[in-house]
Amino acid sequence: LTLCMTRSELTAQLVPELNLTWSERVEIVREEVTDYIPAGERIIVADDNNWGYDLFPGYDVSPFMERDGEYWGPPTDEQTGIDEVERLRLTSAHYIVIGWPAFWWLDYYSALREYLQSKYPCVLSNSRLVIYDLREDLSKSTS
């Protein structure tokens with residue numbers, strides 16, 4: 001018996017998450033957030049305004065970037081993004097959730113990515129999400 005697979009069948013076996021629908025990926029994101037972040041927390045969500053505010057019931061969600069509780073678009077520059085993270089952190093936001101629709105921000109705003117990586121612990125990083133815990137400042141930790 002010769003096994004002949006189409007390219008998509010082979011890809012589906014090797015990288016099954018490539019074949020998930022949008023809604024399946026979003027449902028996994030919702031589950032991962034509840035697995036890694038306690039209910040009731042204030043979270044910053046960077047999703048390039050793709051998921052909607054009701055994706056995370058039981059959380060106080062602030063869009064990233066935010067003005068008056070509404071999504072305000074991507075940061076104008078890297079320092080603006082850093083300043084926004086800190087502004088929201090000071091309003092009791094304990095986590096930032098960066099979703100795959102906004103992963104391009106981590107490349108385009110490399111100083112923001114480096115800031116988050118050096119200052120806050122990453123509690124989850126996969127093909128759907130990157131979550132940083134803003135409660136612990138790594139730059140102030142003593143070794």
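## Largest cavity

V45, D47, N49, W51, G52, Y53, F56, V61, P63 and Y71 line the largest cavity. This is a predicted model: local features need pLDDT of at least 70, side-chain atom pairs count only at pLDDT 80 or more, and totals for chains, interfaces and linings use all residues. Residues are numbered from 1 along each chain as its sequence is written, and side-chain values use heavy atoms, without hydrogens and water.

A cavity is a set of points on a 1 Å grid over the protein atoms alone where a 1.4 Å probe fits but cannot get out; lining residues have an atom within 4 Å of a point. The volume of the largest cavity is about 90 Å³, taken as the space filled by probe spheres set on the points. Its lining holds seven nonpolar, two polar and one charged residue. Here Ala, Val, Leu, Ile, Met, Phe, Trp, Tyr, Cys and Pro count as nonpolar, Asp, Glu, Lys and Arg as charged, and the others, Gly among them, as polar.

## Second cavity

The second largest cavity has a volume of about 40 Å³. A46, F64, I96, I98, W105, L106, L112 and L116 line it. Two or more of these residues come from each of β5 (93-99), α4 (103-108) and α5 (110-119). Helices (H or I, at least four residues) and strands (E, at least two) are DSSP runs, numbered from the N terminus.

## Sheet

Five strands form an open sheet in the order β2-β1-β5-β7-β6, with mixed pairing; strands pair if DSSP finds at least two bridges between them. β2 (60-63) and β6 (122-125) are at the edges with a single partner strand each, so one side of each has no neighbour in the sheet. β1 (residues 42-46) pairs with β2 in the parallel sense over four bridges. R42 has D60 of β2 as its bridge partner.

Note on methods: 1 Å grid on protein atoms, 1.4 Å probe; cavity = no way out; pocket = protein on both sides within 12 Å on 5 of 7 lines; lining within 4 Å.
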